[in-house]
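Visitor: I have a protein model on my screen and would like to learn how to read it. Please take me through it feature by feature.

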Amino acid sequence: MKKVSMKKMSFILLGLLILLFLFSISMGTVKIKIIDILKVFINDSSVRTVYKKILMDVRLPRTIMAILVGMMLSSSGTVVQAVFQNPLAEPYIIGISASAVFGAVLAFLLGLGDIYYGVFAFIISVFVSFMIFKLANFKGKVNTSTLLIIGVAVSSFLGAFTSFSMYAIGEDSYKIMIWTMGYLGGATWQKVGIISVPLVISVCYFLFYRNDLDAIMMGEQEAHSLGINVSKLKKRLLVISCLIVSFSIAFTGMIGFVGLIIPHTMRMLIGYSNTKLLIPTTLAGGVFLLFSDTIAKNILSPTEIPIGVITAFFGAPFFVYLAFKAKKGGTTGGI
């Protein structure tokens, strides 16, 4: 397959994102024409007040949150796969997401504020991700089978705690249930502002070390010869990945497979170099999650489907495809 240039793909994705953004905020129980949306943006007094309230208080925060979370999950997925040197590594699959949910549930049980959900999720997910990395690492190489087994085990164990918490809390367990399925309906401008901070920090950090990531993918010995402290860099990248996954989960719940589908698709279209991959992958994550959320809130309107269900619908078959591809290629899969 002929590869697409990073610049061309970025422009295509940016155009798709703008079109999908306008389409998404126009759709809902109350349909709003594009012309009326533009009038709201330019503060035209002739537009109906109800349209302005729906757009500014409900749809815009939710739509922007979907884009930001998609960007966070796809960029973290790209980096986690590079760190583990495995295309099947993804925060949802290897247990990082489940550990972040565990931390958020713990903060909820302690009666702490929303911001602490992200803090607790971050602390727990960092600890668990390092544990997974250490257990799956054998003689400097991560074994795919071991990685997936440990990830499933960790997810099951922490999922059991989450389920027990829901049972123990009773009628007030609705918020925890939402976390387990993914939900963007609780988006506010305050949450958008909070979640923007780790996104900007993480993407800038990933871009700064994109060349080092490429060196690691060529082999740790070659990376060492270039003066890169591989172990230290991997730990830092893993911490930053946990940071953005934790805050996305704290505000929107466990949304799986974004970090699996998008990086792999972009690699097929662009290539394997992180120098070229990170920006298009980040944009594509925003497009994909916004597309999924548009389906989730409209396909059975006025009933809304949890967004985690939609991403799993796309992601589960894609994961099976990758597994069979790795088996057919006779390898457990380095990137």
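**Reading the model**

Guide: Start with Leu38, which is partly exposed, with a relative accessible area of 41%. Buried means under 20% relative accessible area, exposed over 50%, and partly exposed lies in between (1.4 Å probe, protein chains only). This is a predicted model: local features need pLDDT of at least 70, side-chain atom pairs count only at pLDDT 80 or more, and totals for chains, interfaces and linings use all residues. Residues are numbered from 1 along each chain as its sequence is written, and side-chain values use heavy atoms, with hydrogens and water left out.

Visitor: Is Val40 buried or exposed?

Guide: Val40 is also found in helix 2. At 7% relative accessibility, Val40 counts as buried. Leaving out residues up to four places away in sequence, Val40 touches Val47, Lys52, Leu55 and Met56. Contact means heavy atoms within 4.5 Å.

Visitor: How do I read a nonpolar core?

Guide: In soluble globular proteins, nonpolar side chains tend to be buried together. A nonpolar core is a set of buried Ala, Val, Leu, Ile, Met, Phe, Trp, Tyr and Cys residues joined through side-chain atoms within 4.5 Å. Here the largest one has 95 residues, and Met65, Phe84 and Met266 touch the most other members. Helix 3 (residues 49-84) gives the most to this core, with 17 residues.

Visitor: Which residues of helix 8 are buried?

Guide: Among them are Lys191, Val192, Ile195 and Pro198. The buried residues of helix 8 pack against several helices, including helix 3 and helix 11 (230-252). Met65 is in contact with Lys191, Val192 and Ile195, among others.

Visitor: What about salt bridges?

Guide: Side chains of opposite charge can pair when their charged atoms come close. A salt bridge is a side-chain nitrogen of Lys or Arg within 4 Å of a carboxyl oxygen of Asp or Glu. The structure holds three salt bridges. One joins Asp57 and Lys53 (3.1 Å, N to O). Both residues lie in helix 3, four residues apart, about one turn of the helix.

Visitor: Which residues are linked in a network of salt bridges?

Guide: Arg62, Asp293 and Glu304 are. Asp293 meets Arg62 at 2.7 Å, N to O. Asp293 lies in helix 13 and Arg62 in helix 3, so the pair ties together parts that are 231 residues apart in sequence. Glu304 forms its bridge with Arg62 at 2.5 Å between the closest N and O atoms. Arg62 is buried, with a relative accessible area of 8%, and Asp293 is buried at 1%. Glu304 counts as partly exposed, at 31% relative accessibility.

Conventions: Helix = DSSP H or I, 4+ residues; strand = E, 2+ residues; numbered from the N terminus.
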